[in-house]
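Here is a short briefing to read alongside the model. Please keep the structure open while you go through the points below.

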Amino acid sequence: MVKVNSLTTLRESGKSDELIVPQKQPNKGLQGPAEAVEGRGSIKRNAKQDAGTPAQNGISATSRLLRVRQVAAKDRRTQFTSLFHHLTRTLLTDSFYKLKRRSTPGVDGLSWQAYAQGLDERLARLLQRLHSGSYRPTPARRIQIPKADGSLRPLSILCVEDKLVQQATVTLMQHIYEEDFLGFSYGFRPGRGQHDALDALYVGIKRRKVNWVLDLDIRKFFDRVEHDWLITFIQHRIKDKRLIRLLTQWMKVGHYDEDGRHVRSARGVPQGAVISPLLANIYLHYCMDLWINQWRKRQTSGDVIVVRYADDAVLGFQRKDDAEAFLSQLHQRLDRFGLSLNEDKTKLIRFGRFARKDCATAGLPKPESFDFLGFTHSCAVLRDRRTFMLLRQTSVSRMRRTLHSVKDWLYRNRHRPVGEQKRWLAAVMRGHLNYFAVPGNVIRVSRFHTELGKLWMKALRRRSQRYRLVWARFGQFLRDALPQPRVVHPWPNKRFDGIHSR
């Protein structure tokens, strides 16, 4: 059984009442179609499913986790004081097989396949160390990977053992926090993906009164998370001292630098760690999501829509003064928790069904566009030149970055058989189609297909050092070798309405 006790409200504990967890309500109390953005029917149905059949030695692990979820859903003020015993042998085993099998080994040099040898004995020893309190996480191996803007992103590579314990902890904590997170939060959550966020944004802009769009980006969010605030947020729900101790160890264990010295972390959560996305969502839930949800109900005079994916968020406003007031207060709000907006990537633009008309009336150029999750969103009209259309096209920077990676791979592997190159490039094209082949983006997808073929033909020419291969001949081969450009995804409103039937 899950041991719970009554929650001491934040007001009673001296914290600001603006952090009290509110009941989820539609935007400004309305039941408009865009409020299905915050619907979570599938999650609630999972919580109400049958708890399963008891095992011979007691209640199954799945049933126990479902019980945790049911208690969390019943009262969002409940604190869980005993959760650590849910880290069982079965949960560790399941978590191990959820890990990526081709991931880079950590500082211990053990790969997933190497750890799988003698797995039962390893997990037995790990479980004993966890429950005896002798488990200590290993510092990560730190590498730097280039970002689109030319800067470097620090990536932490953990050991397999630490990854599987973190995965088990994530599975446990998700049963609590999936009942707390708001509907406009889409990043790194089970059953939600990038296209769900894109669909919600599309439907919100099309169906609600949106005239201004605020594109937000938090500067170096993962590096600036305050550990003390994060622990405070977690303790609103979890009071298990052993679990809090485990989470604190992962936050502060740090990494080895290039000289082999151990550098402990005073702030931030490691990018690349399995636990980091959940911790990031918890931090943003309390310092940003709850505040936004209360602000738009109390201080706005028009419609407001919100879609957040990790540290990227897009908000739509009916009135410009609401948007400007929100942006001003958001700076103060984030500063309180050690965060700040990236001014270079944060912008307020005129956008929506009347944007083109308003710009023409004011003698301004066409409305600006904004990028979100790899797509450039812009205002367009259908062929009748009257009906507003939200056009989504592959971001030029994203396409260039992908083609640059393909070019590097072909340069390093041009000696490989053509059949092997064909299989790899076909997989690249399928992946591109699965993500970017949305209605209205066929031209950009076709361009990517063409550029991919040109890079391949150039690599084959360089390998043979002869130019007998011409595009007219190679184009026929390319049509059979790579998947052809086509629309894979349905219109966002169709898929959105199918998921959120209400």
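A residue counts as buried when its relative accessible area is under 20%. By that cut-off Trp-295, at 3% relative accessibility, is buried. Do keep in mind that this is a predicted model, and that the protein chain has an average pLDDT of 86.

**Confidence**

- In the protein chain, 87% of the residues score at least 70 in pLDDT.
- Helix H9 (residues 227-234) has the highest confidence, with a mean of 97, while helix H1 (residues 41-47) has the lowest, with a mean of 38.
- The pLDDT is below 50 over residues 1-58, although this stretch has 126 contacts in the model beyond near neighbours in sequence.
- Where pLDDT is low, the predicted coordinates should not be read in detail.

**Aromatic pairs**

- How many aromatic pairs does the count give? The count comes to 26.
- Tyr-97 and Trp-112 form an edge-to-face pair, because their planes stand at 70 degrees, over the cut-off of 60; the ring centres are 5.9 Å apart.
- This pair links distant parts of the chain, with Tyr-97 in helix H3 (residues 89-98) and Trp-112 in helix H4 (residues 112-116), 15 residues apart.
- Tyr-97 is partly exposed at a relative accessible area of 45%, whereas Trp-112 is buried at 7%.
- Trp-291 and Trp-295 make a tilted pair, with centres 6.5 Å apart and planes at 35 degrees.
- Both Trp-291 and Trp-295 belong to helix H11 (residues 276-298), where they are 4 residues apart, about one turn of the helix.
- Trp-291 is buried too, with a relative accessible area of 8%.
- A cluster joined by ring pairs takes in Phe-221, Phe-222, Trp-229, Phe-233, Tyr-283, Tyr-286 and Phe-337.

**Charges over rings**

- Arg-122 lies over the face of Tyr-115, 5.0 Å from the ring centre.
- Arg-392 has its charged end over the ring of Phe-375, at 5.9 Å from the centre.

- Asp-215 is found in strand E5 (residues 212-217).

Definitions and conventions. Residues numbered from 1 in each chain as written. Predicted model: local features only at pLDDT ≥ 70, side-chain atom pairs only at ≥ 80, totals over all residues. Heavy atoms only, no water. pLDDT = per-residue confidence, 0-100. Helix = DSSP H or I, 4+ residues; strand = E, 2+ residues; numbered from the N terminus. Contact = heavy atoms within 4.5 Å. Phe/Tyr/Trp six-rings, centres within 6.5 Å; stacked < 30°, edge-to-face > 60°. Buried < 20%, exposed > 50% of the residue type's maximum accessible area, 1.4 Å probe, protein only. Lys NZ or Arg CZ within 6 Å of the ring centre and 35° of its normal.
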